[in-house]
Amino acid sequence: MDKKYMQRCLDLAKIGLGNTYSNPMVGSVIVHQGKIIGEGFHHKAGEPHAEVNAVNSVKDKSLLTESTLYVNLEPCAHFGKTPPCSLLIKESKIPKVVIGCTDTFSKVAGKGIEMLKEAGVDITVGVLEEESRELNKRFFTFHEKKRPYVILKWAQTLDGFIDMDRTEENYGQPTWITNDFAKKLVHKWRSEEQSILVGTNTAIKDNPSLTTREWSGNNPTRILIDRQGRVPESHHLFDGSVNTIVFTEQEKVDKENLQYIKINFNENIITQILQELYKANLQSVIIEGGKQVLQSFIDSNYWDEARVFIGDKLFGKGVDAPSVNAEIQIQEEVGNSKLCFYRNNGAK
């Protein structure tokens, strides 16, 4: 039965996807004699945690002393924007707690479990552990590898091209390879991640907004690699509507919602960019192009997953799609396009 209730925790936690940063997604369920009497999830950073919402939802608090609390991530033991959940569990005299996985964040890292054990609480750890870590893959990657979780995304034709050979007359709009369903899905993905990155050529050719126009949700921080300042300031990326970071070798003055970060382009720019995104507390980044940027992340082995659309078009010639040395994990149909998911379990 533990797995059943832990799965409910995971399902609840997923509701917070895209809204809990910089906190992880957490769900909690309280069970009394085989019946769920309370449940909750973490809605947003700074607001009550899942365990607090679950305890508060229990109508008859006297039942807590005979109940089991389930939670997909180790309860916190430190005072942050909210009091520690382990203290609440202790004060509520909940006798048993079942945990999906431990929290490797340094301020927690076993301290919550330790506090509960010292209070005499019966602890079980590791129920649906793999699923619990997968849910918060961004959070764990960020804290364990000191970099954001990296998602590669591109669309390619049946004959393996991501773009036509375009002249300046054809600049200004992306070359559409997929369909409206895929476009909406991409905008949904953007709402779930903290940042999105493109290179100079993509910015010049496509003039992208990199926002969630087709979906209701938060806009990610826009990241542009523009070594020599070639992207015109009239382009959407400089419209000031969304927080934007530009990596360059030029001396530039920051503006509202626009930050310039100078890096050394004669050294490995991928590691420098990831270090800066980590400093900015951005836990995830979608790499949307172009070919050179995508391939650089692949070749440096700094990528965690790739989402590749294959449209039903043929270009005959053009810009080759990136080459990724990994097996397809999942393949789905999105309208008249295919969507392939890859995972890199050996990422740096």
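Predicted model: local features only at pLDDT ≥ 70, side-chain atom pairs only at ≥ 80, totals over all residues.
Me: Why is glutamate 288 called buried?

Reply: Glutamate 288 has a relative accessible area of 15%. Buried means under 20%, so glutamate 288 belongs in that class. This residue lies in strand S12, residues 284-289. Leaving aside residues up to four places away in sequence, glutamate 288 touches Lys153, Val186, Arg190, Ile196, Leu197, Val198 and Leu210.

Me: How do you know that helix H6 is largely enclosed by the rest of the structure?

Reply: Seven of the nine residues of H6, residues 137-145, are buried, so the helix is largely enclosed. The buried ones are Lys137, Arg138, Phe139, Phe140, Thr141, Phe142 and His143. Just after H6 comes lysine 146, with a positive phi of about 60°.

Me: Which residues lie nearest the centre of the largest cavity?

Reply: Those are Thr20, Tyr21, Met25, Asn136 and Arg138, from a lining of 13 residues. Arg138 is also one of the buried residues of H6. The largest cavity holds about 70 Å³ of space, and a search of the whole structure finds one cavity of 30 Å³ or more.

Me: What makes up the lining of the largest cavity, by class?

Reply: The lining has six nonpolar, six polar and one charged residues. Arg counts as charged, and Arg138 is among the lining residues, so Arg138 is the one in the charged class.

Key:
Residues numbered from 1 in each chain as written. Heavy atoms only, no water. Helix = DSSP H or I, 4+ residues; strand = E, 2+ residues; numbered from the N terminus. Buried < 20%, exposed > 50% of the residue type's maximum accessible area, 1.4 Å probe, protein only. Contact = heavy atoms within 4.5 Å. 1 Å grid on protein atoms, 1.4 Å probe; cavity = no way out; pocket = protein on both sides within 12 Å on 5 of 7 lines; lining within 4 Å. Points joined across faces, edges and corners; volume = space filled by probe spheres on them.
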